[in-house]
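Open the model in your viewer and keep the selection tool ready. The tour below goes stop by stop.

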Amino acid sequence: MEIRLWRDLLDPYDLAVRELTVKFSHLRYEHHARGIYSPIEEVTGRVKSVSSILDKMQKKNIDFDEIEQRMEDIAGIRIICQFVEDIPKVADIIRNRTDMQVIQEKDYVENMKSSGYRSFHMIIRYQVQTAAGPKTIQAEIQIRTMGMNFWSTIEHSLQYKYKHNIPQHLKEKLLRSADSIVTLDNEMSRVRDEIMDAQNSMRLQANLVAEILQNIQNLYSLANQREIAKIQDEFYEVYREGDLEKLERFHKQLDIISEGYRAQSISFDEEHI
């Protein structure tokens, strides 16, 4: 019997998952860094375990030599969105990328499975650079909301426990739960603008606080420490009030003060050259 070198088979897929996870996570970072809403909320990835591959080989009657051709999900990327409306936006981002090629799409959001499962699947071809040279592999990208992901995680655990033979009473409960997730996603869409405004305010406040504290830190070596302590006390007072407009005004005033101290420092240095 031929020895199966599973590690050699799976290493390129592990590399692909690592690279794709970083790329999609960086997209989220870029959106936030530019102050733009990101349709990507979270990114995770995994390489299918050998036991899962063996189970699928048995179920689908797949030979070892056919694994890479017939198994599309050895490498799996999961992209979580806040709202249903974000799913097609993420799909468009993927379609427009030049470092991967979409070869198949499966829309289980609009066409929910009989079990209640909902998600948008994209099968891509992606090239990795291995020690043995370039290798093109297939990977599955699943795009879903947080609610869909919660339901899918529970359903997957039950499938594992019951060996894909979930009792009928649990199937019915899962289906009712899936309907509740649809309702939840629809309700979240209706208040989407309010949610996004709240999140933008939180993000703006966090950025302002970080910049103000960094400014105070920079002033520590330029100004009188008593003055800096006073400025810091004023900041904490404004922060406790929870008024974003006051925090923005304080930030602008602190910028002016900082610029004045920096100008004095430069002038002093020039006089002593």
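How many salt bridges does a search of the whole structure find? The search finds 18. Keep in mind throughout that this is a predicted model.

**Stop 1**

Select helix H1, residues 6–33, and within H1 pick out Asp-14 and Arg-18. The two lie four residues apart, about one turn of the helix. Show their side chains: Arg-18 and Asp-14 meet in a salt bridge, at 2.8 Å from N to O. Side chains of opposite charge can pair when their charged atoms come close.

**Stop 2: H5 against H6**

Next, select helix H5 (residues 146–161) together with helix H6 (residues 168–190). Their axes are 9 Å apart, and the helices pack at an angle of about 170°. Angles over 145 degrees count as roughly antiparallel, so H5 is roughly antiparallel to H6.

Now show the side of each helix that faces the other. From H5, select Gly-147, Met-148, Trp-151, Ile-154, Glu-155 and Leu-158. From H6, the residues they meet are Leu-170, Leu-174, Ser-177, Ala-178, Ile-181 and Asp-185. Coloured by class, this contact shows eight nonpolar, two polar and two charged residues.

**Stop 3: the largest pocket**

Turn on a surface or pocket display. Rolling a probe the size of a water molecule over the atoms shows where empty space is left. The largest pocket has a volume of about 1,500 Å³.

Which residues lie nearest its centre? Select Lys-48, Lys-56, Asp-73, His-156 and His-164, which are among the 37 residues that line the largest pocket. H2 supplies the largest share, seven residues. By class, the lining of the largest pocket has six nonpolar, 15 polar and 16 charged residues.

**Stop 4: the second largest pocket**

Finally, go to the second largest pocket, which holds about 150 Å³ of space. To outline it, select Ser-114, Ser-115, Glu-155, Gln-159, His-164, Ile-166, Lys-171, Glu-172, Leu-174 and Leu-175. The elements giving two or more residues to this lining are H5 and H6, and the largest share, four residues, comes from H6. Its residues divide into three nonpolar, four polar and three charged.

Two residues selected here were also picked at the second stop: Glu-155 and Leu-174 line this pocket, and both take part in the contact of H5 with H6.

Note on methods. Residues are numbered from 1 along each chain as its sequence is written. This is a predicted model: local features need pLDDT of at least 70, side-chain atom pairs count only at pLDDT 80 or more; totals for chains, interfaces and linings use all residues. Side-chain values use heavy atoms; hydrogens and water are left out. Axes are lines fitted to C-alpha atoms, for helices over the stretch in contact, and angles run from 0 to 180 degrees between N-to-C directions. Angles under 35 degrees count as roughly parallel, over 145 as roughly antiparallel, 65 to 115 as roughly perpendicular and the rest as oblique. Contact means heavy atoms within 4.5 Å. Ala, Val, Leu, Ile, Met, Phe, Trp, Tyr, Cys and Pro count as nonpolar, Asp, Glu, Lys and Arg as charged, and the others, Gly among them, as polar. On a 1 Å grid over the protein atoms alone, a cavity is a set of points where a 1.4 Å probe fits but cannot get out, and a pocket is an open set with protein on both sides within 12 Å along at least five of seven lines; lining residues have an atom within 4 Å of a point. Grid points are joined across faces, edges and corners, and a volume is the space filled by probe spheres set on the points. A salt bridge is a side-chain nitrogen of Lys or Arg within 4 Å of a carboxyl oxygen of Asp or Glu.
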